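This report describes the fold, the strand pairing and the charged contacts of one protein model. Please consult the sequence and the structure shown below while reading.

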Amino acid sequence: MNCTRCQGLMLKEQMIDLEGSYGEMWISSWRCFNCGHRDDAVLQQHRRQYAQPVAGSPQSVKAQEAEETIDWSWDEESVEPLAA
């Protein structure tokens, strides 16, 4: 199984739920070995329940227009000297 964030390796873990309504309860979840992202049944249920549709459409920007908006000028006063 791969992580949805970084595509890293997911490991299955057993965790104890100390605040559950039925007392202590062991649950299993998946944790990414690379970034630490967790994924379990409760998180998946909440994501489906509270998912919002994305409004609007993506806008494409031409590379030439993007370069024109960036100010590439460097002033000596704006650059701080680096510590050795």
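Which residue in S2 is the bridge partner of lysine 12? The bridge partner of lysine 12 in S2 is tryptophan 30.

## Basis of the model

This is a predicted model, in which local features need pLDDT of at least 70 and side-chain atom pairs count only at pLDDT 80 or more, while totals for chains, interfaces and linings use all residues. Residues are numbered from 1 along each chain as its sequence is written, and side-chain values use heavy atoms, with hydrogens and water left out.

## Overall architecture

The secondary structure of the protein comprises 2 helices and 3 strands. Helices (H or I, at least four residues) and strands (E, at least two) are DSSP runs, numbered from the N terminus. Along the sequence these elements follow the pattern β-β-β-α-α.

Of the 84 residues in the protein, 10% are buried. Here buried means under 20% relative accessible area, exposed means over 50%, and partly exposed lies in between (1.4 Å probe, protein chains only). The protein exposes about 8200 Å², of which carbon and sulfur atoms supply 53%. Accessible areas come from the Shrake-Rupley method with a 1.4 Å probe, and for residues only the protein chains shown count as cover. Among contacts (heavy atoms within 4.5 Å) between residues at least 6 apart in sequence, 26% join residues at least 24 apart.

## The antiparallel sheet

The 3 strands form an open sheet in the order S1-S2-S3, with antiparallel pairing. S1 and S3 are the edge strands, each pairing on one side only. Two strands are said to pair if DSSP finds at least two bridges between them. Strands of a sheet pair through backbone hydrogen bonds, either parallel or antiparallel.

S1 (residues 10-17) and S2 (residues 25-32) are joined by 8 bridges. Within this pairing, isoleucine 16 stands opposite tryptophan 26 in S2. S2 pairs in turn with S3 (residues 38-39), over 2 bridges, and arginine 31 stands opposite arginine 38 in S3.

## The S2-S3 hairpin

The hairpin of S2 and S3 has 5 residues between the strands, and glycine 36 takes a positive phi near 85° there. Glycine 36 lies in the loop between S2 and S3 and is partly exposed, with a relative accessible area of 36%. Its C-alpha atom is separated by 9.9 Å from that of leucine 11, although the two residues are 25 apart along the chain.

## Salt bridges

The structure holds 3 salt bridges, each defined as a side-chain nitrogen of Lys or Arg within 4 Å of a carboxyl oxygen of Asp or Glu. Side chains of opposite charge can pair when their charged atoms come close. Glutamate 13 forms a salt bridge with arginine 31, the closest N and O atoms being 2.6 Å apart. This pair links distant parts of the chain, with glutamate 13 in strand S1 and arginine 31 in strand S2, 18 residues apart. Arginine 31 is partly exposed, at 22% relative accessible area.

Arginine 38 also forms a salt bridge with glutamate 13, with 2.7 Å between the closest N and O atoms. Arginine 38 lies in strand S3 and glutamate 13 in strand S1, so this pair ties together parts that are 25 residues apart in sequence. Arginine 38 counts as partly exposed, at 33% relative accessibility. A further salt bridge joins the side chains of arginine 47 and aspartate 39 (3.2 Å, N to O). Arginine 47 is partly exposed at 43% relative accessibility, whereas aspartate 39 is buried, with a relative accessible area of 8%. Salt bridges that share partners join Glu13, Arg31 and Arg38 into one network.

## A buried aspartate without a salt bridge

Aspartate 40 is found in the loop between S3 and helix H1 (41-49). Aspartate 40 is buried yet has no salt bridge, and the nearest side chain of opposite charge, arginine 47, is 7.0 Å away. For charge, Lys and Arg count as positive and Asp and Glu as negative, while His and the chain ends are not counted. Aspartate 40 touches Ser28 and Ser29, when residues up to four places away in sequence are not counted.

## A nonpolar surface patch

Leu9, Leu11 and Phe33 form a nonpolar patch on the surface, with about 300 Å² of accessible area together. Patches are made of residues with over 30% relative accessible area and no salt bridge, with like charges joined within 9 Å and nonpolar side chains (Val, Leu, Ile, Met, Phe, Trp, Tyr) within 5 Å. Leucine 9 is found in the segment before S1.
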